[in-house]
Amino acid sequence: MAAILARQALEELIVERLAQLGAQAPGATMRSKLVCLRGLGDDAAAESAMIAWDGLSRACHLHAYELMSTPEEVGYLIGLVEALLEPSEAGTSAAG
């Protein structure tokens, strides 16, 4: 459940960042949105977002032949999402 909620928060963050960059893409897949973010924004943040989204997606969609993600792995990915949220929240509080 934690992986699902973290992925949802990450997806909302990506949509928000793209809107801030003037690149709204409501019909695009999340993978396409991540590519757009990388092309328009901070490469390091985009790379972290890609790693987090891929890992969280794997944790959310388990196949019978795959091992389940460990709590430590999911915790690491949640940490990546939290780190991506921090600059966004700081910018919001400074503007408000």
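Helices are DSSP runs of H or I with at least four residues, and strands are runs of E with at least two, numbered from the N terminus.

**Figure 1. Overview of the predicted chain.** The model shown is a prediction. Along the sequence, the elements follow the pattern α-α-α-α. The chain holds four helices and zero strands. Of its 96 residues, 29% are buried.

**Figure 2. The largest cavity and its lining.** One cavity of 30 Å³ or more turns up when the whole structure is searched. The space in the largest cavity amounts to about 30 Å³. Its lining consists of Leu13, Ile14, Arg17, Leu37, Ala45, Ala46, Ala49 and Leu84. At least two of the lining residues come from helix H1 (2-20), and at least two from helix H3 (43-60). By class, the lining has seven nonpolar residues, no polar ones and one charged residue.

**Figure 3. A nonpolar surface patch of Met1, Ile4 and Leu5.** Together these three residues present about 350 Å² of accessible area. Ile4 belongs to helix H1. The relative accessible area of Ile4 is 45%, so this residue is classed as partly exposed.

**Figure 4. Salt bridge between Glu11 and Arg7.** Three salt bridges are found in a search of the whole structure. In this one, the side chains of Glu11 and Arg7 meet with an N to O distance of 3.4 Å. The two residues are about one helical turn apart, because four residues separate their positions in helix H1. Arg7, at 19% relative accessibility, counts as buried, whereas Glu11 is partly exposed at 22% relative accessible area.

**Figure 5. Salt bridge between Asp54 and Arg31.** The side chains of Asp54 and Arg31 meet at 3.0 Å, N to O. Asp54 is in helix H3 and Arg31 in helix H2 (residues 30-40), so the pair ties together parts that lie 23 residues apart in sequence. Both partners are partly exposed: Asp54 has 24% relative accessibility, and Arg31 has a relative accessible area of 45%.

**Figure 6. Salt bridge between Glu47 and Arg38.** The closest N and O atoms of Glu47 and Arg38 are 2.5 Å apart. Glu47 is partly exposed, its relative accessible area being 31%. Arg38 also counts as partly exposed, with 32% relative accessibility. Side chains of opposite charge can pair when their charged atoms come close.

Note on methods
Residues are numbered from 1 along each chain as its sequence is written. This is a predicted model: local features need pLDDT of at least 70, side-chain atom pairs count only at pLDDT 80 or more; totals for chains, interfaces and linings use all residues. Side-chain values use heavy atoms; hydrogens and water are left out. On a 1 Å grid over the protein atoms alone, a cavity is a set of points where a 1.4 Å probe fits but cannot get out, and a pocket is an open set with protein on both sides within 12 Å along at least five of seven lines; lining residues have an atom within 4 Å of a point. Grid points are joined across faces, edges and corners, and a volume is the space filled by probe spheres set on the points. Ala, Val, Leu, Ile, Met, Phe, Trp, Tyr, Cys and Pro count as nonpolar, Asp, Glu, Lys and Arg as charged, and the others, Gly among them, as polar. Patches are made of residues with over 30% relative accessible area and no salt bridge: like charges are joined within 9 Å, nonpolar side chains (Val, Leu, Ile, Met, Phe, Trp, Tyr) within 5 Å. Accessible areas come from the Shrake-Rupley method with a 1.4 Å probe; for residues, only the protein chains shown count as cover. A salt bridge is a side-chain nitrogen of Lys or Arg within 4 Å of a carboxyl oxygen of Asp or Glu. Buried means under 20% relative accessible area, exposed over 50%, partly exposed in between (1.4 Å probe, protein chains only).
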